[in-house]
Amino acid sequence: MTSKQELIDLLLNDARQSVDDIARQLGVEAATVDSLIDELESEGAVRGYQAVVDWDCLDTDHVRAKVELNVELDRETGYQKVARRIAKFSEVSSLRLVSGSYDLAVDVEGESMHDVSTFVSEQIAPIPEITQTVTHFVMTTYKERGIYFENNDEDDRLAVSP
């Protein structure tokens, strides 16, 4: 019997593979793969399938930012409640509770830097439990979800030597 982890590894590498191809790689029947996928989905272990997009290759405006949030909680409010409120926004592509100098890490997407900064200042910052926001705009993506984005553009910055 193949393990769920082996199946997950194959899906993470390429979720567009056919069930028959996955079955061949795992040395099992296609029905077994179908059953395991159904089980992983019903358990909530596999929540969806998405493409990794290099937005710089498309003729569309798309801006991403990493936003750090500091949160001050009271007796009635926990991280989960704050996170539920933030996660409802379509501009939020991911949201994580993290350790370190801030509490929540939020990935925000929009059509322009103005759209993203307006969203953060008008929708996120006013939430009563949010005490501080720091926004870092993504300028260039070199690697996303394990996929390296080859860029043939040479670094045109001048080398500085003493």
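User: Which residues are exposed on the other side of H3?
Analyst: Ala 31 and Ser 42 are exposed there, where exposed means over 50% relative accessible area, buried means under 20%, and partly exposed is in between (1.4 Å probe, protein chains only). Keep in mind that this is a predicted model: local features need pLDDT of at least 70, side-chain atom pairs count only at pLDDT 80 or more, and totals for chains, interfaces and linings use all residues. Residues are numbered from 1 along each chain as its sequence is written, and side-chain values use heavy atoms, with hydrogens and water left out.

User: And which residues of H3 are buried?
Analyst: Those are Val 33, Leu 36, Ile 37 and Leu 40. They sit on the same side of H3 because they cover an arc of only 100 degrees around the axis, the arc being that of the directions from the helix axis to the C-beta atoms.

User: What covers them?
Analyst: The cover includes helix H1 (4-13) and helix H2 (19-26). Helices here are DSSP runs of H or I with at least four residues, strands are runs of E with at least two, and both are numbered from the N terminus.

User: How do H2 and H3 cross?
Analyst: Their axes come within 8 Å and cross at roughly 105 degrees. Axes are lines fitted to C-alpha atoms, for helices over the stretch in contact, and angles run from 0 to 180 degrees between N-to-C directions. H2 and H3 are therefore roughly perpendicular to each other, a label for angles of 65 to 115 degrees.

User: Which residues of H2 meet H3?
Analyst: Val 19, Asp 20, Ile 22, Ala 23 and Leu 26 in H2 meet Ala 30, Val 33 and Asp 34 in H3. Contact means heavy atoms within 4.5 Å.

User: New topic: what's the strand order in the sheet?
Analyst: The open sheet of four strands goes E2-E3-E1-E4, with antiparallel pairing. Two strands pair if DSSP finds at least two bridges between them. Strand E2 (92-97) and strand E4 (130-137) are the edges, each pairing on one side only.

User: How many bridges join E1 to E3?
Analyst: Seven bridges join strand E1 (residues 63-71) to strand E3 (residues 104-110). As one of the partners, Ala 65 has Val 108 in E3.

User: Which strands does H5 touch?
Analyst: Helix H5 (residues 113-124) packs on the sheet and touches E1, E2, E3 and E4. The direction of H5 makes about 170 degrees with that of E4.

Methods: Angles under 35 degrees count as roughly parallel, over 145 as roughly antiparallel, 65 to 115 as roughly perpendicular and the rest as oblique.
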